[in-house]
Structure formats: structure tokens, C-alpha cells
Amino acid sequence: MTDTAQPAAATDPDLLDALREQVQGDLPTTIADLSALVRIPSVSWSAFDPAHVRRNAEAVADLARSTGVFDEVRIVRSAVDGDTPDGASAAAGTEHDGVELGQPAVLAVRPARNGTPTVMLYAHHDVQPQGDDALWETPPFEPTLRGDRLYGRGASDDKAGVMTHVAALRALHARFGDDLDLGIVLFVEGEEEFGSRSFRTFLREQKEHLAADVIVVADSDNWSTEVPAITVSLRGNVTFKLTLTTLEHASHSGMFGGAAPDAMLPMVRLLASLHDDAGSVAVEGLTAYDAPVPARSESELAADAALVAGATPIGTGDVLARMWFQPSITVTGMDVPSVANASNTLLPTVSARVSVRVAPGQSARDAYAAVERHIHAHTPFGARVEITEPDAGDGFLVDTSGWAVAEARTAMTEGWGAEPVEQGIGGSIPFVSDLAAEFPDAQILVTGVEDPDTRAHSPNESQHLGVLHRAIASETILLARLATR
């Protein structure tokens, strides 16, 4: 790896124009390839068919080969890492010789030559479940172009990230050919949406191939469809399944109601205790991070988050601080009878999926311990508590002082025609802290192809094609600048 520390001279204007023209000319093929990926329902969760994830990995490997850049392209699976908060192994993937494996990743490598840097390009090819099909305006796995947006699950998060890397490498190869000296590692993960459960094992096993001076993580947001962003902070996360039990079996609500506690009653009371009257998290031991944020009004928040008429924001303090630097707790699902199937019985057991976003600077393990203490201290009526399926990942604060960030700012300005904003993100990319731990000397750039109306993880997810175009141009220029250091 290189030890250069000074920014490169500005890229030649003729080269910039040639790269932009190449990206523009390739855009129809890029969109067609993205659409083909969207058609593969590569949901990595354990309840879904893993064959789709395997098929998607094969498609991504073919795309990596199509760039003409790599000496080697492989599909790799690693053992699931058992380091969950309670020490229990979390299920994912299938077994091989008794070892539980995670979902397939794609790894492609081109060694650096003549003292140039090596850059790792990360994205993930798995997607979230589509949820309720009735909430989609178009079929979730049928890419649909409406206006300047391509709709479909994974169209943005993160198959557009995959295509950003692929398209940038195609443009780079078209310009440099075999004269390209830049070292490149393409790492496209297959289970980011399911907790990256084999990620640490993969890093350990492939460390020699993954080592890089610069790591570009294409899995984040932009300030708007016209203004790019470099993500400089990420919240951590803790998720788990919470189950409360009060009865050995269901009982008639008329015969026993008012005396015997149904499980829903302590669950409602417990979940309500997680927040104060303003909607701020009320769990002792969860901390906040103190840093300045740009101004954003609550009315802007209401518009961006699509609050219905009459609904009000929650929490206190600066709006962006609430989303970037304070903890949050969300109940993302519950196992209860549906309204249509409800009977007049006391529920013996109720389960909820709880998601905790952890402020940068606090370890996910400490946050999990704080929430666990709160649950045991605030569960009423002696309900039996079970906390299972825990998963945790630390937040991250990006060091913006390095030469790679300066190169990225320049490349984004050239590719977007607007200077990038440094922003925090309320979401979590826990593996970034794992990358930093495994490769402490690498400079990490968190970029992305999303915008405030992408609706990642939600029905009607979409990718703004103008953003995709500008993101590819920026990354192509960044790689060209690194190649000429």
C-alpha cells in the first residue's frame, strides 16, 4: 500500500470530460443492469429462499467480470460469527460440514502497481423484505420507471450502490485499459440487511485480499437530489425479540378479564416506559453525542418524513441532532392476533421486535445492557421476560482530516456540480466500525446514492436516476484521481 499523504494535482480537464462522456454513454446499460438486479428478490433474512441471494451473487460476479478490471472474481461464504450481545449464535444461511454459513458475497481483486494506492469498493446485494404488497404502487420486484425515478425493492438500497461501483470501473477501464495501476478490491456483501452475521469472519479470512488505503462504502444518503453528501457519523444499533408471558394458555376474557393479566397489558406498559411524554428515549444509560448540526425546522421534518396532518414530531433539541446524535427506540413488529382473527381471550404471550439506534460514541454492547436493565426493571405484573435473537453493531465517527476525504470532496464537486455537505446519518452501518478495527490505517469514505425521497426499506423504494448518474461520475473521477497519485 502507498504511504503518500498529499492530495494529487487536479485531474486534467480533458480527462474529466472524457470520463463524464463515458459515464453518460454507458448510462442506459447501467440502468438496464440495475433493473435486472432488482428483478431478483434477494432477501437475505432466514425466512426467505436463499437461492435468490445465490442467484443475485452470481449476477453481481458477472457484472464484476464485465468491467474488465479484475484478475480474480470469486463468490465467497464464511461462517456466521457468534459474537451477539448475549453470546448466543444467531441463525443465518445454511450449514456446511456442521458449520453455519452466511449468505454469499462477491470478492474481486486487482493488485496495485507502481506504488499507487489500493481502494476497496463496498456495497451489498441483498435487500429488505418487500413488506405488504398492497402498499406498493408498482410490483416490488418489477423495476418500474416513473419520471426520473426507478421503483423497486433494492433499486436504491443497495443495488444502485453495486451499479455505481460497476459503472465507475467500466468507465475507468474504458479510459485507462491495461495501463490502470490503481489497486482495486470490490467487496459486495450478501447479508447486510440481515445483520452482516458472517462479516467479521469474512474480514479475518480475506484480510490479505481486502487490505486497502481507502475504503469507499456506497450505502448512504445525499443531502438532496442536487447536493451530494459525505456521511461523517453513523448511529449504532441493537435489535432483539422481546417476549412477555403471563398465562400458561389463553383464557376467556369475560370469565377472567379484570383479574388475570393478559400478556398485552404488561407489554403495552413496558413499551410505553421506553419514552417520556415528549417522545424522547427514557432509558437510563443510553447516551447522546454532542456536536453542531445544520438547521432544519420541524415543518421540514414533517414534510421529509411524511407526517400525516395533525401528527407532531417527537423528542427535544435540534431536529437533526435528534436523528443523528440521540438514541431512538422503535417497535418494528409484533406477534399478536390480527384484528380480523381476534377472539375474546386473554393473550398468554406477546412478542415484539425492538430496534434501538445508539448515539455515536456509545458502544452497542453498553447500550444493549442499559435497555436490558430497563426491561427487567419496568416489566409489570410479574410477566416472564425473554430477550432473544439479539444483534448489535457500533456507530462510527469518520475522520475527515485525511487526504482521501479531500479527494472525495473534489470528485463530488466535479461530478455533481455542487460541493458536498458533511452530514450525520441516523441509520446504522455497523460493519463500518468492523472495517475500521480490522484496517486501522485505511481512510473510510461513506457515500451513497439515496436521497430524502428514496424510501429505502419502505414500500415504493426508488432510485433517482439523476443522483445515480452523478454518483457514478463522482466515483469515476475519484478513482481516476487516486490512479494518478
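Here are questions and answers about helix packing, cavities and backbone features in one predicted model.

Visitor: What should I know about the model before we start?
Guide: Residues are numbered from 1 along each chain as its sequence is written, and side-chain values use heavy atoms, with hydrogens and water left out. Local features need pLDDT of at least 70, side-chain atom pairs count only at pLDDT 80 or more, totals for chains, interfaces and linings use all residues, and the model is predicted.

Visitor: At what angle do α2 and α3 pack?
Guide: Two packed helices are described by the angle between their axes and the distance between the axes. Axes are lines fitted to C-alpha atoms, for helices over the stretch in contact, and angles run from 0 to 180 degrees between N-to-C directions. Helices (H or I, at least four residues) and strands (E, at least two) are DSSP runs, numbered from the N terminus. For α2 (residues 50–66) and α3 (residues 159–176), the axes are 9 Å apart and the angle is about 20°.

Visitor: Are α2 and α3 roughly parallel or oblique?
Guide: Angles under 35 degrees count as roughly parallel, over 145 as roughly antiparallel, 65 to 115 as roughly perpendicular and the rest as oblique. The angle here is about 20°. Therefore α2 and α3 are roughly parallel.

Visitor: Which residues of α3 meet α2?
Guide: Contact means heavy atoms within 4.5 Å. From α2 come Asn56, Val60, Leu63 and Ser66, and their partners in α3 are Lys159, Val162, Met163, Val166 and Arg170.

Visitor: How many residues of each class are in the contact of α2 with α3?
Guide: Ala, Val, Leu, Ile, Met, Phe, Trp, Tyr, Cys and Pro count as nonpolar, Asp, Glu, Lys and Arg as charged, and the others, Gly among them, as polar. On that scheme, the contact of α2 with α3 has five nonpolar, two polar and two charged residues.

Visitor: Is the crossing of α1 and α3 left-handed or right-handed?
Guide: Helix α1 (residues 13–38) packs on α3 at about 140°, with the axes 8 Å apart. That makes α1 oblique to α3. A crossing is left-handed if the near helix is turned anticlockwise from the far one by less than a right angle, and right-handed if clockwise. The crossing of α1 and α3 is right-handed.

Visitor: How do the contact residues of α11 with α13 divide by class?
Guide: The axes of α11 (residues 403–416) and α13 (residues 465–483) come within 8 Å and cross at roughly 135°. The contact residues include Trp403 and Met412 of α11, and Ala471 and Ser474 of α13. They divide into 11 nonpolar, three polar and four charged.

Visitor: What volume does the largest cavity have?
Guide: On a 1 Å grid over the protein atoms alone, a cavity is a set of points where a 1.4 Å probe fits but cannot get out. Grid points are joined across faces, edges and corners, and a volume is the space filled by probe spheres set on the points. The whole structure has three cavities of 30 Å³ or more. The largest has a volume of about 160 Å³.

Visitor: Which residues lie nearest the centre of the largest cavity?
Guide: Lining residues have an atom within 4 Å of a point. The lining has 16 residues, and nearest the centre lie Met412, Thr447, Ala471, Ser474 and Glu475.

Visitor: Which elements each supply at least two lining residues to the second largest cavity?
Guide: This cavity holds about 70 Å³. Its lining has five nonpolar, four polar and three charged residues. The elements are β8 (183–189) and α4 (199–205).

Visitor: Is the peptide bond from Asp157 to Asp158 cis or trans?
Guide: Most peptide bonds are trans. Asp158 sits in the loop between β7 (149–151) and α3. Omega is near 5° for the bond from Asp157 to Asp158, and the bond is cis.

Visitor: What is the phi of Phe381?
Guide: Phe381 lies in the loop between α10 (364–378) and β16 (384–393). Most residues other than glycine have a negative phi. Phe381 is not a glycine, yet its phi is positive, about 60°.

Notes
On a 1 Å grid over the protein atoms alone, a cavity is a set of points where a 1.4 Å probe fits but cannot get out, and a pocket is an open set with protein on both sides within 12 Å along at least five of seven lines; lining residues have an atom within 4 Å of a point.
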